[in-house]
Amino acid sequence: MTLKAKEIYVNLPVKNLDKSVEFFTKLGFEFHPEMTDENATCMIVGENIFVMLLIEPFFKTFTKKELADSTKNTEVIVALSADNRQSVDDIVNKALKAGGTASNDVMDDEYMYAWSFQDLDGHLWEVIAMSESNDLNKSEA
């Protein structure tokens, strides 16, 4: 049996929920009002793809492990697909203008165009545009 999830939820700890919501709103993301309170919010990334932004004390209730200091350590890289190179540049430039920081230089090869940024808490976000020949969602003919 092949596992195929109906939805994906990525959970990220944040220091200041209001500032994180403001930052990601400037990038163009929306939030589920029914899944938002003083401890957390549900950011809508795509159809059936969500990022839960949880204030650190609340996040800690879900794990017995120490939280990584994402300003110094990498715990995950959240990669988002974009339609094309211009969309990649637009998203990263919005992130930088909203207070994010550049992460890596642009990667440009025959398969993928990518650029990355760090959000206000240091989480790594990579925005990618795949070449048509490398589209993983194409069905085999």
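In this predicted model, S116 is found in strand 8, which covers residues 112-118. Is this serine buried or exposed? With a relative accessibility of 6%, S116 counts as buried, because the cut-off for that class is under 20%. Its surroundings can be listed by name: leaving aside residues up to four places away in sequence, S116 touches V92, A102, S103, N104, W125 and E126. For one of these neighbours, N104, a polar contact is present, with the side chain of S116 reaching the backbone nitrogen of N104 at 3.1 Å. Another, E126, is 10 residues from S116 along the chain, and the C-alpha atoms of the two are separated by 4.2 Å.

Turning to the open sheet, 4 strands are arranged in the order 1-4-3-2, with mixed pairing. Strand 1 (8-14) and strand 2 (30-32) form the edges, each pairing on one side only. From one strand to the next, the twist averages 35°. Strands of a sheet pair through backbone hydrogen bonds, in either a parallel or an antiparallel manner. For strand 3 (residues 40-46) and strand 4 (residues 49-55), the sense is antiparallel, over 6 bridges. Here A40 has L54 of strand 4 as its bridge partner.

Terms used. Residues are numbered from 1 along each chain as its sequence is written. This is a predicted model: local features need pLDDT of at least 70, side-chain atom pairs count only at pLDDT 80 or more; totals for chains, interfaces and linings use all residues. Side-chain values use heavy atoms; hydrogens and water are left out. Two strands pair if DSSP finds at least two bridges between them. Helices (H or I, at least four residues) and strands (E, at least two) are DSSP runs, numbered from the N terminus. Axes are lines fitted to C-alpha atoms, for helices over the stretch in contact, and angles run from 0 to 180 degrees between N-to-C directions. Buried means under 20% relative accessible area, exposed over 50%, partly exposed in between (1.4 Å probe, protein chains only). Contact means heavy atoms within 4.5 Å. A polar contact is a pair of N or O atoms within 3.5 Å; within protein, one must be able to donate a hydrogen and the other to accept it, and residues adjacent in sequence count only if both atoms are side-chain atoms.
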